[in-house]
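Student: Before we start, I would like each label in this model tied to the criterion behind it.
Tutor: Then ask about the labels one at a time.

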Amino acid sequence: MDRTERLHIAMFPWLAYGHTMPFLQVSKFLAQKGHRISYISTPKNISRLPKLPPHLSSKLSFVEFSLPHVHGLPPGVESTSEVPIDKVPYLKRAYDKLRDPLTDFLKNSNVNWIIHDFAPYWLPGIAAPLGVNLVFFSIFNATTFAFFGPPSALLGDRRKRPEDFTVVPEWID
C-alpha cells in the first residue's frame, strides 16, 4: 500500500464501555492520519461517547444499528452496563443479530478494512468474500493472551476449573 493511500475503515466494538472507548481512541488516531472511519454501534452506545473534536468530524462518522430484540434481554438494553452478568449471553445473541445489517453496510460502503472485537465470530465469513480485510483489536494485552494459551489449549480439556487459571500454564517456562 502506498503511504498516501487513504482507507475506509469500519470499527465494530463489543457493546461495553470498556470496549467502545478504546475503539473510539483508535478511530480518532486513524482519522487524524487521514483515513475515513465508520464507527458502528447501537444508538445508545454511540450517544454515550464523547463528542468528536471538530477537526475529525469530517473523517469519522457514526453508523447506528438498532439492536434486535431477543427473548430474555430486557427491552431497550444495548450495553453490558445495563444488565446483570447473567443476562449478558442474551446481549451477545442480540449482537450476533447485527450480522445482517453489518453485511449490508459492508456490501454498500466500500470499506477496505474492518477492525473488530472478540465477539463477532461470524465476521470473517462475511468480510472475506467481500474483499474486506479484518483486524482483530483486543483491549487485553499480549501477556493476557499468552496466559490464556494457544487455541488448542482454549478448545481442549486442559484448563476447565477456576483453579487451573491460578497457576502458570505449561506453555510458559
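Student: In this predicted model, which residue of E3 is the bridge partner of Ile40?
Tutor: The partner of Ile40 in E3 is Val63.

Student: What makes strand E2 and E3 a pair?
Tutor: Pairing requires at least two bridges between the strands. Strand E2 (residues 36–41) and E3 have five bridges, in the parallel sense, so by the criterion of at least two they are paired.

Student: What is the strand order of the open sheet?
Tutor: The order of the five strands is E3-E2-E1-E4-E5, with parallel pairing.

Student: Why are E3 and E5 called edge strands?
Tutor: Strand E3 (60–64) and strand E5 (133–136) each pair on one side only. From one strand to the next, the twist averages 25°.

Student: Why does Thr20 count as buried?
Tutor: Buried means under 20% relative accessible area. Thr20 has 2% relative accessibility, so it counts as buried. Thr20 lies in helix H1 (residues 17–32), and leaving aside residues up to four places away in sequence, it touches Pro13, Trp14, Tyr39 and Leu49.

Student: What makes the approach of the Thr20 side chain to the backbone oxygen of Tyr17 a polar contact?
Tutor: The cut-off is 3.5 Å between N or O atoms, one able to donate a hydrogen and the other to accept it. A polar atom of the Thr20 side chain lies 3.3 Å from the backbone oxygen of Tyr17.

Student: How many aromatic pairs are there?
Tutor: The count comes to eight aromatic pairs.

Student: Why is the pair of Phe12 and Tyr95 called stacked?
Tutor: Ring centres must lie within 6.5 Å, and planes under 30 degrees apart count as stacked. For Phe12 and Tyr95 the values are 4.9 Å centre to centre and 15° between the planes, so the pair is stacked by that rule. The two residues are 83 residues apart, Phe12 in strand E1 and Tyr95 in helix H3. Both Phe12 and Tyr95 are buried.

Student: What makes the pair of Phe65 and Phe105 edge-to-face?
Tutor: The planes of Phe65 and Phe105 are 75° apart, with 6.4 Å centre to centre; planes over 60 degrees apart count as edge-to-face. Phe65 lies in the loop between E3 and H3 and Phe105 in helix H4, so the pair ties together parts 40 residues apart in sequence. Phe65 and Phe105 are both buried.

Student: Which residues do ring pairs link into a cluster?
Tutor: The cluster consists of Phe12, Trp14, Tyr95, Phe118 and Trp122.

Technical notes:
Residues are numbered from 1 along each chain as its sequence is written. This is a predicted model: local features need pLDDT of at least 70, side-chain atom pairs count only at pLDDT 80 or more; totals for chains, interfaces and linings use all residues. Side-chain values use heavy atoms; hydrogens and water are left out. Helices (H or I, at least four residues) and strands (E, at least two) are DSSP runs, numbered from the N terminus. Buried means under 20% relative accessible area, exposed over 50%, partly exposed in between (1.4 Å probe, protein chains only). Contact means heavy atoms within 4.5 Å. Axes are lines fitted to C-alpha atoms, for helices over the stretch in contact, and angles run from 0 to 180 degrees between N-to-C directions. Rings of Phe, Tyr and Trp (its six-membered ring) pair if their centres lie within 6.5 Å; planes under 30 degrees apart count as stacked, over 60 as edge-to-face and the rest as tilted.
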